[in-house]
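Here are my notes on this one, written for someone new to reading structures. Have it open beside you as you go through the points.

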Amino acid sequence: QDIIPQPLLEQYLSMTDPARAQTVDTEIAKHCAYSLPGVALTLGRQNWHCLKDTYETLASDVQWKVRRTLAFSIHELAVILGDQLTAADLVPIFNGFLKDLDEVRIGVLKHLYDFLKLLHADKRREYLYQLQEFVVTDNSRNWRFRYELAEQLILILELYNPNDVYDYLRHIALTLCSDKVSEVRWISFKLVGAILQKFYANNANALGLNFINELVVRFRHCSKWVGRQAFAFICQVG
């Protein structure tokens, strides 16, 4: 490449050297991770090979703050690299982040829609099985994680057909509607309303009716008042 002076690029790439963390700055790898999308944009996708090894090194860094920084920007890097390089080089790292600590997972969760929409439909469909894993967190008191999931699912609905929504996303929505935290329940009622709109907008009336019947059984006839209240709010949203 002849876009960035080679000594400057080599200086940047050396920021992942553990020795530099001891002599220059303990958080130098984090700074390197933060700047990587900007460097990738400057170099262009044709020069991604210059950064690929450095990116993989950062993605497996022992410090979760470094991995978290990459997780928050992986959707931006995907736009820069395009679908082919994303599928080849970013998807495996993205999959690793999905199984990481909550502090790292929240990075991919906050921009889940932005990343998934860049993938081909067949590749995107593979994540249907994994979305429900976001309901489980390292710390159950981390309710903002579940709130973020509900918000992302409202956006993600457009990426999948009604049958996939019914088979996979519906279960997650019902689980979130019964969450212990009211903030999570409120956003989940909006998600349920969006799912019903998805069904009827796509003439999937049978799926919509089945879902409504399920909501009636689960919430309208619930023995606890909070369940009946949920049904009232779902009707209001719908």
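1. Between domain 1 and domain 2 there are 5 residue pairs in polar contact, both residues at pLDDT 80 or more. A polar contact here is a pair of N or O atoms within 3.5 Å; within protein, one must be able to donate a hydrogen and the other to accept it, and residues adjacent in sequence count only if both atoms are side-chain atoms. On the side of domain 1 that touches domain 2, helix 6 (102-110) and helix 7 (112-116) are the elements that give two or more residues. Helix 6 has the largest share, with 5 residues.

2. A word on where this comes from: the model is predicted, local features need pLDDT of at least 70, side-chain atom pairs count only at pLDDT 80 or more, and totals for chains, interfaces and linings use all residues. Numbering starts from 1 along each chain as its sequence is written, and side-chain values use heavy atoms, with hydrogens and water left out.

3. Where do the domains run? Domain 1 covers 1-119 and domain 2 covers 142-237, bounds that come from an automatic or database domain assignment. Their contact takes 10 residues from domain 1 and 10 residues from domain 2, contact meaning heavy atoms within 4.5 Å. The C-alpha centres of the two domains lie 35 Å apart.

4. How much area is buried between domain 1 and domain 2? It comes to about 930 Å², and carbon and sulfur atoms give 72% of that. Buried area is the accessible area (1.4 Å probe) that two parts lose on being put together, summed over both.

5. Now look for the 1 salt bridge that the rule finds across this interface. The rule asks for a side-chain nitrogen of Lys or Arg within 4 Å of a carboxyl oxygen of Asp or Glu. Glu148 forms a salt bridge with Lys110, and the closest N and O atoms are 3.0 Å apart.

6. Stay with Glu148, which sits in helix 9 (residues 143-156). Setting aside neighbours within four places in sequence, Glu148 touches Ile106, Leu109 and Lys110. Is Glu148 buried or exposed? With a relative accessible area of 10%, Glu148 is buried (buried means under 20%, exposed over 50%, partly exposed in between, with a 1.4 Å probe and protein chains only).

7. Zooming out, the chain has 13 helices and 0 strands. These are DSSP runs numbered from the N terminus (helices: H or I, at least four residues; strands: E, at least two). Of the 238 residues, 47% are buried.
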